[in-house]
Amino acid sequence: MASHSSFSARLVVIEGNDKGKMFLLRPGPMIVGRTKSDIIINDPRISREHIKLEFNSDTGKVHFTDLKSLNGCQINGSTLGTGELKDGDKIQIGNTVLDCQMGLTPEFTQDTRKEPVLKTEKIQIASQPPADTEKEPSPTVIGKRPPMSQKPKRPLALVLSGFLVLFLGVNLLRTKSSSSELKSNQNIDTALAAIRKEIQREQPLQAFNLAIALQKEVPNHPELEEVLGELYEKQRKLEPAIQNYKASIEHQNPSKSIHFKLTKAYLSAGFQALALEHLKTIDKLIKESPKEKELFLELATLLLEHPELNRSFERAIIISKALQTEIAPDSTIGYRLEGAVLAQAKKLKEAEAVYEKALALSPNDQEVLEQLAATKLNLQDMTGAKAITEKWLSQNPNEVRALLALSYINFYDKEYLATIPKLANVINLLSKTPEAPRRLEALHLLGLVYWEQGQRTEAESYFSQACKLGFQASCGHQALVTQESPSPAPASKPGLPNQP
């Protein structure tokens with residue numbers, strides 16, 4: 001349905017945990033925050049209700065107000081409490097940076113794709129009497145009816161040869177048609193294979209150009225539309241990606257994975273209601289194919305990656321139990337889903353027990369080790385969390401999340417000398433992305449380590465680096481805002497690392 005607004009506005013997350021997500025602004029006030037807000041951002045350094053946006057769709061203006069948040073709001077690098085946003089402004093709240101994009105009402109508010117119209121013409125063939133058939137005499141003729149003239153008998157061989165010619169002719173036409181269709185399909189398959197080859201070679205632009213050229217030649221091809229949707233997603237062009245996924249489904253794409261791709265695209269674009277609605281279609285597919293393993297695995301992966309879709313505790317538990325007992329008993333995914341759902345419901349001890357079962361099934365599973373370590377941290381079981389994290393690191397010495405988690409544990413235990421090399425490793429591993437949230441956390445925590453040891457100069461250096469890159473906790477530390485000497489005891493403990 002077309003929108004009647006003259007202007008549109010949206011926020012696109014360009015840095016942070018939700019990088020790539022897009023949120024359309026509706027006319028009127030909207031709250032942006034960590035929980036219980038109109039726009040929810042997954043960032044522990046954002047307040048529950050951080051800023052208020054007011055969009056006027058008639059004038060195209062967006063006004064913002066900081067709702068007395070703990071870490072404040074920066075617009076293009078300047079801390080502001082209120083003001084008007086312009087197209088291209090960068091809004092930083094916590095570790096998240098949002099790009100403000102304004103313009104005319106986007107094409108996505110209109111369904112510009114026309115359904116293909118199939119015209120079926122009924123061809124009527126009039127039956128004509130054979131040329132050699134004589135007419136009946138007129139009933140007005142008086143007298144004896146003349147005898148019917150005898151038709152000359154055709155030799156049987158001639159009749160059979162006629163049927164043979166007709167049969168061979170029809171089959172020849174069918175063969176030519178089938179051959180042409182087969183050749184056309186082979187050409188399309190070859191073109192699609194060439195596009196996928198470019199994707200494998202990490203040449204998305206070349207693949208995209210080939211796909212667009214092929215679509216002009218072969219419109220409404222479901223497999224091609226699916227590939228185009230993926231290529232648009234790689235470019236963060238979520239609206240055309242969604243359009244192509246929808247078109248692929250409407251044109252009878254037999255692949256059921258397309259439904260998961262559409263749902264994820266909805267979520268990335270901020271259309272959570274549409275994602276939840278399409279989840280009903282996925283549920284229907286699973287009911288129709290209750291033994292199809294891949295469907296259950298894809299659904300479990302979707303729910304693990306997007307816990308906001310877990311609106312039914314009972315339903316998620318049923319799916320996880322089915323995976324554990326019947327569908328994928330040799331995989332940990334059913335246990336991981338159950339543990340995540342229990343943790344989401346604040347049943348941490350039960351979640352811990354489920355993760356322990358998963359670890360017994362697969363002792364080297366990285367995802368299980370991560371989730372179990374996070375659960376033990378939340379239960380304040382530092383000894384257990386340390387043992388699991390050390391095992392995790394023994395499997396993957398350069399795993400940033402494990403290094404950061406163990407650094408927090410060491411810091412709590414005042415093992416400062418053990419903390420420093422781990423944090424230095426995190427900073428080095430993420431050097432190519434200086435503003436990565438976990439790198440900023442490492443800089444800040446390293447500043448805290450030096451501060452607690454009374455090494456003010458080193459502490460100020462790391463706090464300053466993190467602050468310049470937008471880490472508000474570092475900007476607000478007393479090392480940068482006062483000239484007081486560091487106290488021997490920490491004023492407050494740093495927050496736990498970002499949980500998976």
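Helices (H or I, at least four residues) and strands (E, at least two) are DSSP runs, numbered from the N terminus. The model is predicted: local features need pLDDT of at least 70, side-chain atom pairs count only at pLDDT 80 or more, and totals for chains, interfaces and linings use all residues. Residues are numbered from 1 along each chain as its sequence is written, and side-chain values use heavy atoms, with hydrogens and water left out.

**Val62 and its sheet**

Val62 lies in strand E6 (residues 61–66). Val62 is buried (under 20% relative accessible area; exposed is over 50%, partly exposed in between; 1.4 Å probe, protein chains only). Its relative accessible area is 1%. Contact means heavy atoms within 4.5 Å. Beyond residues up to four places away in sequence, Val62 touches Ala9, Leu25, Leu53, Glu54, Phe55, Gly83, Glu84, Leu85 and Met102. Val62 and Asp87 are 25 residues apart in sequence, and their C-alpha atoms are 9.5 Å apart in space.

E6 belongs to an open sheet of five strands, ordered E4-E3-E5-E6-E9, with mixed pairing. Strands E4 (39–40) and E9 (82–85) stand at the edges with a single partner strand each, so one side of each has no neighbour in the sheet. Two strands pair if DSSP finds at least two bridges between them. Strands E3 (residues 28–33) and E5 (residues 51–56) pair in the antiparallel sense over five bridges. Met30 stands opposite Leu53 in E5.

**Helices H3 and H4**

Axes are lines fitted to C-alpha atoms, for helices over the stretch in contact, and angles run from 0 to 180 degrees between N-to-C directions. H3 and H4 pack at about 160°, with axes 8 Å apart. The pair is therefore roughly antiparallel (over 145 degrees; under 35 is roughly parallel, 65 to 115 roughly perpendicular, the rest oblique). The residues that meet are listed here.

| Helix | Residues | Contact residues |
|---|---|---|
| H3 | 222–234 | Pro222, Glu225, Glu226, Leu228, Gly229, Glu230, Tyr232, Glu233 |
| H4 | 238–250 | Leu238, Pro240, Ala241, Asn244, Tyr245, Ala247, Ser248 |

**Helix H13**

H13 covers residues 400–412. The expected span of a helix is 1.5 Å times one less than its number of residues. Twelve of the 13 residues are buried. Among them are Val400, Leu404, Tyr408 and Tyr412. The cover includes helices H11 (366–378), H12 (382–395), H14 (416–429) and H15 (437–452). Just after H13, Lys414 takes a positive phi of about 60°.
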